[in-house]
Amino acid sequence: MSSLLEISDLHAEVDGTPILKGLSLTLGAGEVHAVMGPNGSGKSTLAQVLSGREDYEVTAGSIRFDGVDLLDMEPEERAIAGLFLGFQYPVEIPGVSNLNLLKAALNARAKARGEEEPAAATLLGRVREAAASLNISNEMLKRGVNEGFSGGEKKRNEILQMLVLEPRLAVLDETDSGLDIDAIRVVSQGINSLRDPQRSVLLITHFQRLLDHITPDRVHILVDGAIQASGGPELAQELEAEGYARYAPQPA
Amino acid sequence: MSNNVPAELATVLGRREYAPGFTTDIESETLPPGLDESVIRAISARKKEPEWLLEWRLEAFARWQAMTPPAWSKVQYPPIDYQAISYYSAPRSSDGPKSLDEVDPKLLETYEKLGIPVHERAALAGVAVDMVFDSVSVATTFKQKLADAGVIFSSISEAVQEHPELVRAYLGSVVPSGDNYYAALNSAVFTDGSFVFVPKGVTCPMELSTYFRINERNTGQFERTLIVCEDGASVSYLEGCTAPMRDENQLHAAVVELVALEDASIKYSTVQNWYPGDENGKGGIYNFVTKRGDCRGARSHISWTQVETGSAITWKYPSCILRGDDSIGEFYSVALSHHRQQADTGTKMIHLGRNTRSTIIAKGISAGHGDQTYRGLVRVGPRAEGARNYTQCDSLLIGSDCGAHTLPVVECAHPSARLEHEATTSRIGEDQLHYLRSRGLGEEEAVSMIVNGFCREVFRELPMEFAVEAQALLSVSLEGAVG
C-alpha cells in the first residue's frame, strides 16, 4: 500500500528548544494510527508542525504528504491538499459563524481546484446532517466559531469541521481531552464514520480511552521527541497497564 | 466670457485674473483659490440665493474668521492654507471621462473588488452616466414615487429655490453656524448637499441614497445635508462616499443636520471610503465633518451607523441631542485606520428629556501605522430623569506599529441615570490566523474574516447591500495589513 504520510527523521524546535528529535512515522491511505505519549513528549508539536504553524521550526528531516514535500507548503495549501488538524485548544473567532467559516473553507477548496463553489443549500444540508450526528444544535452553528463554547463543545465543533471538509488525513490532537464518556462516544462515532480506504486518521492522545471506541491499525509510542515503539492495538493496552516509564529516555 | 456668468462672479474672477477663466459653459465653472466675503457673495449669487441665506453665510464667515482650528483631537496634520482652496467648483459631467475605457483602470479594479454594479462604477468614476444607462428615466420614476408620498428629496440648492421656508426653518437649527471651526466654514461656503423632508405620518417608501443624486450633480467638498422628519414620519438615508478621490490632501468639511419631531425616526447610514492617502501618508482626504441629530419630539429616534474606512484623517462625531422625552439615540461605528491613516471619531449623546435612551457601539481597527481614537461624551442633564446609556468600545490591533485610544467622557446631573460602559482591546492573534489558515483560508482572507466578525454588531445595522459593500471595503482596505 502506498503511504499517504511519510515523516522521516523529523527534528523541530520551538524558541530554540529542540522538541522533536528524529521522529519517523509512515501512515498508509485508509489507516488509522494512534500516537501516544506523556506530557511534553512532543505530541502537540508534531500536530502543529504538520499543520504548518509558523513558530515551530523544522531543523532537519522531511515530511511527504501524498508524495509531495509538505514542509514546502503554506498552512492553507496543506489544508486544501487534504490535511486537517483538529486542535487541542480551538480558538474563538467572535462574530464569525461556524457556517460562514465552513462556507469559506469549502469555497477556498473549490477555487483551488477550479470547481464551482458549492450551492448554499447543499452546504447547509451537509453541515446540518453532520451537526445532528454530533448533537450540535442549529443555534450553535449560527454562533461565532467556538464563541462561548464549553471545552467539549469546541472539540465536537472540530469534528464537525472535519466531517464537512472531508480531509484525506485528519490529525486529531487530544480530541478526547475534556470530553465526558457520552461525548467521547459521539466524537468517536464521527471519526469512525469518516473511515474509508482513501482517508487516514492520526490520533494523538495521552490516554487509551479513545481507542476503546476507535480501533487503530497501528499504535506509536512517542517519548522525548521520537517514536520509541510501534505495534498493533495491543500496545495501547499494555501502555494503559504499565505506563510510559519503560520508554523513558535512558540517562546519558 | 459667457453671458451666463453672474456679474458678481465675473467681478471676482476679473479681479483675480484667473488665467484659464471660465469656459463658456456655466456648468463647468471653477472659482480661483481664495476666500473672502466676495467669494461668498459670488457663491450665493451663482446659486441665486435669497438675501437671508447670504446674510447667514456672511455671519458664519465672520464667526469663522474669529475662530481657530480645534487642537484638542489626537490627529496631526500641517496647517491648512484656506486661501489655497477653491470654494466653488461645479464640473460638468462631460469634463470627466466619456466612457469607462477612459477611467483609470486602478479605480475600476477597486470598484470591481467592491462588487459595485457597472452603472454605479461609472457614476462614481464621474462618467456621464446617461451614456451607460438611462439615468433620466430611473431618476424620474424614483422622483415620482417620492412625490406621490409627499416626500421632498432634492439637492439643497434646489430646496432653497423650491422650499425656502422649510430650509430657513431648519437650516442651522441643529448645528448652528458658529458651532465649530469647520461647521462655520461649511456654513459660509457650502455649495451643495441633500435635502430631505418627510411630512407628518409618512414613511418614506424607499431608502434614500446619495447614489441617486450623484448622477445629477457633483456635490462639492463642503456639502450640507438637512433631513427633517415631521411627527410620526420615518426615513432611512444612505450616504455612500465610496468614490476614492484622486486629489491630494483635499479638505472635506461637511455638515449634516437631522431633525426628528414627535414619534419620528431617522436612520442615517454612511459608508465612507474617501481616498486615504498612500502607504507613506502622502495625499488623502481630511474628513472634518459635523453630524448631529436632534430628537426634538417625544419618542423620536435617531440612529447613526457609520463605516469609516477611507480618508487620511477622520474627525467626526455623529451625535444625538435627546431633547424629547422617551427619545432614543444610537451610534454604531466601525472605523479603520491603516498605513498612516488617523481617525479621531466617536459620538455625543446629550440626554435632556426624561427616560431618554442611547446606545453606542464603536469598533476601531488599527493596522500598519494607523492611529485611532474613540472620543465620546454621554451627558445627562438635570431634567433627564431615568436616562440610560450603554456604551461599548472595542479596539482591534493588527501588527505592532498601530495605536488605539479610548476617551469616553461621562457627565451626569441626574441621580436616576443608568450608564454602562464596556471596552476591550484585542490583537488579531497568531492562533486565530493559523486556525483559519489550517482550514484552507489564505492569510488575507483570514484577516478579513476575523475583522468582519469583529464588526458584525455594527454591520447588522446597515441595510443589506451596504453591509455587503462594507465587508468588501474592509477587505480591500486591509490588503497588505499582514505578512
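How many salt bridges are there between chain A and chain B? The count is five salt bridges, each a side-chain nitrogen of Lys or Arg within 4 Å of a carboxyl oxygen of Asp or Glu.

## Model and conventions

This is a predicted model, in which local features need pLDDT of at least 70 and side-chain atom pairs count only at pLDDT 80 or more, while totals for chains, interfaces and linings use all residues. Residues are numbered from 1 along each chain as its sequence is written, chains are lettered from A and ligands numbered from 1 in the order in which they are written, and side-chain values use heavy atoms, with hydrogens and water left out.

## The interface of chains A and B

Chain A puts 34 residues into the contact and chain B puts in 19 residues. Contact means heavy atoms within 4.5 Å. The two chains bury about 2100 Å² between them. Carbon and sulfur atoms carry 57% of that area. Buried area is the accessible area (1.4 Å probe) that two parts lose on being put together, summed over both.

One salt bridge joins R53(A) to D431(B). Their closest N and O atoms are 2.8 Å apart.

## The chain A side

Elements giving two or more residues to this side include α1 (43-51), α2 (75-81) and α3 (98-112) of chain A. Helices (H or I, at least four residues) and strands (E, at least two) are DSSP runs, numbered from the N terminus. α3(A) gives the most, with six residues.

By class, the side of chain A that touches chain B has 18 nonpolar, eight polar and eight charged residues. Ala, Val, Leu, Ile, Met, Phe, Trp, Tyr, Cys and Pro count as nonpolar, Asp, Glu, Lys and Arg as charged, and the others, Gly among them, as polar.

## Helix α2 of chain B

Helix α2(B) spans residues 37-46. Seven of its 10 residues are buried, so the helix is largely enclosed by the rest of the structure. Buried means under 20% relative accessible area, exposed over 50%, partly exposed in between (1.4 Å probe, protein chains only). Among the buried residues are V39(B), I40(B) and R46(B). Just after α2(B), K48(B) takes a positive phi of about 50°.

## Q228 of chain A

Q228(A) sits in strand β12 (residues 226-231) of chain A. Q228(A) is partly exposed, at 40% relative accessibility. A polar atom of its side chain lies 2.6 Å from the backbone oxygen of V223(A).

Conventions
A polar contact is a pair of N or O atoms within 3.5 Å; within protein, one must be able to donate a hydrogen and the other to accept it, and residues adjacent in sequence count only if both atoms are side-chain atoms.
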